[in-house]
Amino acid sequence: PDAIKQARQQLAAGAIDAQQLRQIENEAIRDLVQQQCECGLHVVTDGEFRRAWWHFDFFDGLQGVERYDSEKGIQFNGVQTKAHGVRVTGKLAFGDHPMLEDFRYLKSVSGSAQPKMTIPSPSVLHFRGGRKDIDATVYPDLADYFDDLATTWRDAIRAFYDAGCRYLQLDDTVWAYLCSDEQRQQVRDRGEDPDELARIYAHVLNKALEGKPEDLTVGLHVCRGNFRSTWIAEGGYEPVAEVLFGGVNIDAFFLEYDNDRSGDFAPLRYIRPGHQQVVLGLI
């Protein structure tokens, strides 16, 4: 919303403080939730109005992670994002994350609707930079890194649950990248095996989901990269279907199927009826 954009500019200029910005965000989120309820939606979100990035802003709140200015941005089809990256400089952990308070506010204005929280999936923290963005003095053995990655997300899931969240969505671009011939080759070029990465990411997700309360629904949105109406990944789900659909203990998959880049429906044969729901984005 324009009001939030203007307020952020005012904050940068020193005209208002962070608390005043938050109040403006609160008002915009309250209005948004009301609009969603008036449309008859039973599940509402805050539109991620407090975020500049869907993933970096969450990573900023983790222990052991820092943002940096990278050499180039993320390359989409014909356009590139601002040049930011994240690197792991200490032991990963989830503490008193600021987005917990963001969720508490959403819940407070949701009325009878179900408030849904969205956070990036753990694989997103690793995939873009890989080994080079993980301090080797902190994690000389990547197995320890992936263990801590899973524990960090398990603690995050529990913390949001304790804050009252009963519907959590993990947003994940990486599974779509692992369907792309171009992206898979980039993984090989940096000395990694894309199929092994898929197995590692599935293991991390399952460890993060261990002990999940029965009344908490966790969904996984596989996103093909959307920025200024363009995209990153193309290719059907077959390269990851058995590992992802057949092996990850998620409650629901949200899959983009709006064009030929998504392939056919054959990979859905690995969905486990009675254990998982799948929602397809169709046109």
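A residue counts as buried under 20% relative accessible area, as exposed over 50%, and as partly exposed in between (1.4 Å probe, protein chains only). The model is predicted: local features need pLDDT of at least 70, side-chain atom pairs count only at pLDDT 80 or more, and totals for chains, interfaces and linings use all residues. Residues are numbered from 1 along each chain as its sequence is written, and side-chain values use heavy atoms, with hydrogens and water left out.

Cysteines were examined for disulfides (pairs of cysteine sulfur atoms within 2.5 Å). Zero disulfides were found in a search of the whole structure. Cys37 is in no disulfide. Its nearest cysteine sulfur belongs to Cys39 and is 9.3 Å away. Cys37 is partly exposed, at 33% relative accessibility. For Cys179, the closest cysteine sulfur is that of Cys223. The distance is 12 Å, which is too far for a bond. Cys179 is buried, at 4% relative accessibility.

Salt bridges are present. Each is a side-chain nitrogen of Lys or Arg within 4 Å of a carboxyl oxygen of Asp or Glu. The structure holds 18 of them. Helices (H or I, at least four residues) and strands (E, at least two) are DSSP runs, numbered from the N terminus.

Arg8 is partly exposed, with a relative accessible area of 29%. Glu25 is buried, at 5%. Both residues also belong to a network of salt bridges, in which Arg8, Arg22, Glu25, Arg50 and Asp102 are linked.

A second pair is Arg67 and Asp57, whose closest N and O atoms are 3.3 Å apart. Arg67 is partly exposed, with a relative accessible area of 29%. Asp57 is buried, with a value of 18%.

Another salt bridge lies within one helix. The side chains of Arg158 and Asp162 meet at 3.2 Å, N to O. Both residues are in helix H6 (residues 142–162). They are four residues apart, so about one helical turn separates them. Arg158 is partly exposed, at 40% relative accessibility. Asp162 is exposed, with a relative accessible area of 54%.
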